[in-house]
Amino acid sequence: MNVAFGRVLLFSIGCAVVLATIAPMAPKAHGQTELFIGTLGSLGTFGLTLLFVRWDGLHLNNVGASPDRRSLVRFALGFLIGLILIALNSVVVWGAGHIRWVRTSEVGFSDVIVTMIAYLSLSVREELAFHGYPLQRLKPALGLWGAQFIVAFVFAIEHVAGGSTWELALLGAGVGSLLFGMAAITTRGLALPIGLHAAWNIGDWMRGGKGWVGFWKPVVEDGFKERSAFVGITTYVLITCIATMAFWWWHCSIERNNVRRA
């Protein structure tokens, strides 16, 4: 257990060093910044993953980082689920009233493509950094939910370091980490959680939820900004928790079937 903790800690420190090293070199333009950090960060984090699994005498597939012939299908399924979740969240926020989305003129087709690739690369980096080696190595020592909550807390800390408030980091990134982690554990790979993660971030950017210009922008009636934000985060937590429990049920079903076959 102490060995697993120590190596996961070293891995996480290594990921933080990679991120801190490349971030200052990133171009200062939305989309390009995320693409630069996501691409180089993914390569650096994958290199660390390769190093640590060899140190442990494991293989990349032991931590979900080895693609196989079903990875593309799982990625597509995750992406579809992510789009459904962001759509549900948006519909509830819109249904609560006092908000609408209008098309922005600053964003063109090329901007959408670059941003989609950028958020895909960021999702690859984050899934490798949190739900690959760390989650899979902590799970045998702490159990499924123990490992999940530790990784979710560290995931939230990274977002706080990136400028998020503790409240948003815990309710946003932390809760999201539980979903992505459960998807990784259930499917024994990162393809589905990468698709899920990327779809949510792309959808959130499209609706203007990333703090900079998206494909649409939200227009909230005067005096209702706090209410819309509350409805948005509350709905997000509920939807994400329900989806996490669905993956957990799927995981339990797989485990029961494996026991019967044995």
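Trainee: Which helix holds Phe153?

Mentor: This is a predicted model, in which local features need pLDDT of at least 70 and side-chain atom pairs count only at pLDDT 80 or more, while totals for chains, interfaces and linings use all residues. Residues are numbered from 1 along each chain as its sequence is written, and side-chain values use heavy atoms, with hydrogens and water left out. Helices (DSSP runs of H or I, at least four residues) and strands (E, at least two) are numbered from the N terminus. On that numbering, the place of Phe153 is in helix α4.

Trainee: Why does Phe153 count as partly exposed?

Mentor: Buried means under 20% relative accessible area, exposed over 50%, and partly exposed in between, with a 1.4 Å probe and protein chains only. Phe153 falls in the partly exposed class because its relative accessibility is 43%.

Trainee: Which residues does Phe153 touch, not counting residues up to four places away in sequence?

Mentor: Contact means heavy atoms within 4.5 Å. Trp166 is 13 residues from Phe153 along the chain, and their C-alpha atoms are separated by 10 Å. With residues up to four places away left out, Phe153 touches Trp166 and Leu170.

Trainee: Is Thr187 buried or exposed?

Mentor: Thr187 lies in helix α5, which covers residues 166-187. Its relative accessible area is 7%, so Thr187 is buried.

Trainee: The backbone oxygen of which residue lies 2.7 Å from a polar atom of the Thr187 side chain?

Mentor: A polar contact is a pair of N or O atoms within 3.5 Å; within protein, one must be able to donate a hydrogen and the other to accept it, and residues adjacent in sequence count only if both atoms are side-chain atoms. For the side chain of Thr187, the backbone oxygen at 2.7 Å belongs to Ala183.

Trainee: Which residues is Trp250 in contact with, leaving aside neighbours within four places in sequence?

Mentor: Trp250 sits in helix α7 and is partly exposed, with a relative accessible area of 34%. Trp250 itself is in contact with Thr186 and Thr187.

Trainee: At what angle do α3 and α6 pack?

Mentor: Axes are lines fitted to C-alpha atoms, for helices over the stretch in contact, and angles run from 0 to 180 degrees between N-to-C directions. Helix α3 (residues 71-95) and helix α6 (residues 191-206) have axes 6 Å apart, and they pack at an angle of about 35 degrees.

Trainee: What is the phi of Arg188?

Mentor: Arg188 is found in the loop between α5 and α6, and its relative accessible area of 56% makes it exposed. Although Arg188 is not a glycine, its phi is positive, at about 55 degrees.

Trainee: And what is phi near for His98?

Mentor: His98 lies in the loop between α3 and β1 (99-103) and is partly exposed, with a relative accessible area of 23%. His98 is a residue other than glycine with a positive phi, near 75 degrees.
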